[in-house]
Amino acid sequence: MNIETPAETWLPATDSQVARQIASRDWSATDLGPLESWPVSLRAILSAMLTCPTPMYLAWGPDLLSFYNDAYRPILGYREAHALGCPFRDLWASIWDDIAPLVDSCLRGESQRMVDMRLDLSRQGEPEESYWTFTYSPVFDDSGRICGLFCVTNETTARILAERARAEAAERLDLAMSSGNSVGIWDWDVPADRVTSDKRFATLYSVDEAVAIGGAPIAEFFKGIHPEDRARVEAEVAETIRTVGSFSSEYRLLRADGTVCWVSAQGRCIPGPNGDCVRLPGVSYDITARKEAELRLRAAKEEREFVLEQIGRQRTLTDPREILQSASEALGRRLGVNRVGFYRLNGPESICHEACWTDGALKPLIGMQATDHYGRLADTERRAGRALIFGDSREDAQGAFAPYARDGVLAGICVPLLTGGRWAAGIYLHQAAVRIWTEPEIILAKEIVQQTWLAMERAEALRSLNRRVEEQEAALAQREIVLREEFERREAAERQLRQLQKMEAVGQLTGGIAHDFNNMLAVVISGLNLTQRQLARGNSDVGPYIEGALEGANRAAALTQRLLSFSRQQPLEPAVVDANGLLTGLSDMLSRSLGETVVIEAQLQPDLWAVKVDRNQLENAIVNLAVNARDAMPDGGRVVLQTANADLDGDQARDLGIEPGNHVRIRVRDTGTGMTPEVLSKAFDPFFTTKPTGRGTGLGLSQVYGFIRQSGGHVSISSQIGRGTTVDLYLPRCREGAPQAAGDPAADAPPGRPEDVILAVEDEDRVRSFTVSALQELGYTVLEAGSGAAALALLRARQDIRLLFTDVVMPQMTGPQLVEQAQAMRPGLRVLYTSGYTGKSLETDDRVRSGGNFLPKPFSFDQLARKISEVLSRPAGD
């Protein structure tokens with residue numbers, strides 16, 4: 001009968017961290033189920049394992065889930081964080097190939113025992129060498145079936161490594177002891193100063209074998225040490241005796257035949273009862289081969305450093321002769337020769353010595369010399385490209401090098417240098433004494449010679465190149481003069497062509513404006529003439545004629561605004577605008593005005609940034625683009641009004657010609673006929689239109705372009721035949737204030753009051769007369785002035801003037817200058833500017849157009865009434 005036992009009763013009561021982890025974990029999601037339902041067999045194994053101080057591991061169930069005790073945790077290393085309950089194969093995936101056969105055998109019921117098995121556990125995440133002795137035993141569930149395995153393990157890495165080290169030491173000792181006469185053993189009785197040794201030690205130190213075996217003072221063995229090393233070794237031995245420590249030294253021994261060998265001596269002091277050294281046994285072995293190899297390696301390293309140093313120095317020199325002189329001296333000093341020099345063939349049978357270094361033992365070679373000056377063999381070998389190497393010119397080559405000896409050269413190396421396979425030059429090393437050249441010396445000499453020849457050829461090529469460059473620069477300078485003269489002639493011709501083009505553009509401009517203005521003025525003049533005739537007959541029904549004249553005048557005013565917009569000089573009234581709200585308001589109007597075959601679709605981004613722009617001009621621009629889109633869709637289509645926030649980086653902004661940062665993009669896209677590349681390239685050109693005569697001025701897109709650029713933004717256009725056109729308007733984001741709602745242009749302005757006194761300042765008499773009459777018609781009391789000086793005089797005389805209504809551009813004193821003096825005189829005076837053209841002067845800055853204190857010309861009676869009422873209704877000082 002199974003008895004359910006709470007976890008806290010069967011888990012060990014000892015301080016086991018793993019037991020606490022098992023108890024605190026929710027096992028419901030695993031194959032084992034809740035803790036209280038675990039099999040009795042599993043509980044029994046865990047209870048025993050968790051209290052054992054020996055590292056143990058349990059893999060249980062079909063997935064071989066991992067359990068272990070506290071002693072096993074260090075073995076897990078970085079795996080401990082996820083080890084508990086992890087499948088055996090996943091936990092030890094890195095060594096699974098090594099242990100999988102053992103696991104499989106154990107699960108078949110075959111217990112496994114491994115001794116000193118090497119496993120790379122990588123406990124710290126890095127490969128490691130470790131050794132383990134462990135057993136795998138099958139474990140059984142409550143029904144007696146094998147349900148996992150139980151592991152008892154112990155690390156043996158330290159023992160294995162120690163045994164390996166002892167074995168290697170023994171092997172080295174055995175090797176040393178078996179190397180014949182190269183190893184010797186000694187034992188020094190320090191108080192008695194008696195050294196006994198074997199035959200090998202005696203042979204090394206050139207001591208009589210019988211004396212060495214019978215014992216001799218330590219000084220007898222010191223005699224064999226090289227005089228240059230003896231004092232050092234005696235001091236090292238004395239220090240070892242004083243400190244009762246170990247002795248280790250390498251030094252040279254001078255044999256009876258004059259040869260030198262190197263030995264390594266190792267020994268350790270044995271202390272007596274009072275702690276002083278009483279014996280110093282040790283071993284000495286021959287290390288001559290190793291030392292010679294080290295010396296050769298050091299010499300090779302020094303030679304390589306010398307070669308690299310010469311290469312680096314030659315790269316800094318540009319004079320071929322300086323390169324040869326420097327290399328000759330460096331090579332001569334390095335190899336300790338008496339003379340090093342360079343020669344070059346000057347003809348088939350003569351050479352010329354160009355650079356030579358000497359230490360004084362031999363005279364320098366200079367001037368011309370016959371190629372066979374040093375004999376026929378030397379001449380033949382050098383022409384064949386073979387180096388000459390001799391140690392005694394009197395004896396070598398059966399005396400063929402005797403001409404060298406007559407010149408005092410007994411040993412030498414001569415390396416011929418070839419160009420195109422032919423002997424062209426050479427470098428020589430001469431010695432005044434007999435010398436046996438070593439292989440490293442010959443190799444070094446040849447390497448430096450070849451490197452010097454390459455450096456010299458490079459320098460000569462660079463010098464030749466510089467000469468050609470100088471010649472080419474002179475030719476280019478002369479050519480530049482010719483080209484400059486030609487350029488000046490072409491520039492003069494281009495100036496004439498540009499002047500002709502300007503005149504043609506002016507003609508096109510004046511012709512286009514004249515055509516449109518004639519049409520508009522014809523309507524105005526005809527309407528006024530008919531009005532005059534009807535009034536002269538006593539007929540007062542002249543409304544249609546007056547409306548026609550007003551329509552013509554308004555069209556003329558719109559054309560003027562387009563011209564100013566194109567020139568980016570129209571007076572604007574920027575305000576904070578919500579483009580989404582503006583497009584929403586326009587959508588209904590456009591749906592009615594564009595016709596039933598055109599579908600208007602708005603795609604507006606939520607949380608769109610605000611922009612600061614002239615609201616009316618932006619509306620006109622969008623309407624203009626929508627009308628163009630309609631005209632491009634004669635059979636109907638779709639016009640999409642889209643907004644988006646655009647964060648332009650440096651490259652994007654540079655391509656658009658605006659400052660990088662946050663912008664709002666307003667897109668007008670149609671599904672019309674599209675434009676050809678030729679038409680698209682002229683889309684923004686003024687007076688360019690594809691519409692029939694009389695249906696377009698060609699200022700639509702140029703007006704949009706001018707207005708957006710004047711507002712600090714950019715316009716881009718793309719189009720494809722049959723796929724429509726897309727126009728993007730980019731306007732900078734505005735972070736100040738809230739968007740202003742559009743006013744109702746149809747709202748009636750309240751009538752003026754006689755107590756509101758207005759001073760109208762205008763230098764044009766007819767415009768001033770109309771303005772005064774219109775203000776008086778509205779009910780205001782009006783004073784007028786034709787100049788700034790006259791206006792200031794009235795302001796001094798009349799204290800009841802509430803509003804100064806002034807033109808911007810006036811002679812002698814501009815509107816802003818007048819306002820500056822007037823407000824200094826009357827701080828609370830309200831101001832309203834007006835102008836039809838403000839130009840590019842400083843008078844057109846924000847103080848004129850900001851705050852809504854600007855009324856562009858030409859203005860209608862209703863526009864004047866609303867603007868005057870708006871300014872007067874503001875608090876004084878705004």
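Which residues have the most contacts inside the largest nonpolar core? The legends below begin with that core.

**View 1. The largest nonpolar core brings together 49 residues.** Ile22, Trp38, Phe67, Phe88, Trp92 and Tyr136 have the most contacts inside this core. A nonpolar core here is a set of buried Ala, Val, Leu, Ile, Met, Phe, Trp, Tyr and Cys residues joined through side-chain atoms within 4.5 Å. Helix H7 gives the most to this core, with six residues. A second, separate core has 35 residues, including Leu583, Leu608, Val639 and Leu731. As you look around, please keep in mind that this is a predicted model, in which local features need pLDDT of at least 70 and side-chain atom pairs count only at pLDDT 80 or more, while totals for chains, interfaces and linings use all residues. Residues are numbered from 1 along each chain as its sequence is written, and side-chain values use heavy atoms, with hydrogens and water left out.

**View 2. Phe88 and its neighbours.** Leaving aside residues up to four places away in sequence, Phe88 touches Tyr57, Ala59, Asp63, Leu64, Ser66, Trp96, Ile99, Val103, Tyr136 and Leu149. Contact means heavy atoms within 4.5 Å.

**View 3. Helix H7 spans residues 96–107.** Its buried residues are Trp96, Ile99, Ala100, Leu102, Val103, Ser105 and Cys106. Buried means under 20% relative accessible area, exposed over 50%, and partly exposed in between (1.4 Å probe, protein chains only). The buried residues of H7 pack against helix H6 (88–91) and strands S3 (112–119), S4 (130–140) and S5 (146–155). Helices (H or I, at least four residues) and strands (E, at least two) are DSSP runs, numbered from the N terminus. After H7 comes Gly109, with a positive phi near 100°.

**View 4. Helix H15 covers residues 376–383.** Here Ala378, Asp379, Glu381 and Arg382 are buried. Among the elements covering the buried residues of H15 are strands S12 (339–347), S15 (388–390), S16 (411–419) and S17 (422–431), along with helix H16 (402–406). H15 is followed by Gly385, whose phi is positive, near 80°.

**View 5. Helices H24 (residues 765–778) and H28 (residues 861–872) cross at roughly 65°.** Their axes come within 10 Å; axes are lines fitted to C-alpha atoms, for helices over the stretch in contact, and angles run from 0 to 180 degrees between N-to-C directions. H24 is therefore roughly perpendicular to H28, a label for angles of 65 to 115 degrees. On the H24 side, Thr771, Ala774, Leu775, Glu777 and Leu778 meet Phe861, Leu864, Ala865 and Ile868 in H28. The residues of this contact divide into seven nonpolar, one polar and one charged. Ala, Val, Leu, Ile, Met, Phe, Trp, Tyr, Cys and Pro count as nonpolar, Asp, Glu, Lys and Arg as charged, and the others, Gly among them, as polar.

View 6. The C-alpha atoms of Gly275 and Val244 are separated by 8.0 Å, though the two are 31 residues apart along the chain. Asp607 is not a glycine either, yet has a positive phi of about 55°.

Note on methods. Angles under 35 degrees count as roughly parallel, over 145 as roughly antiparallel, 65 to 115 as roughly perpendicular and the rest as oblique.
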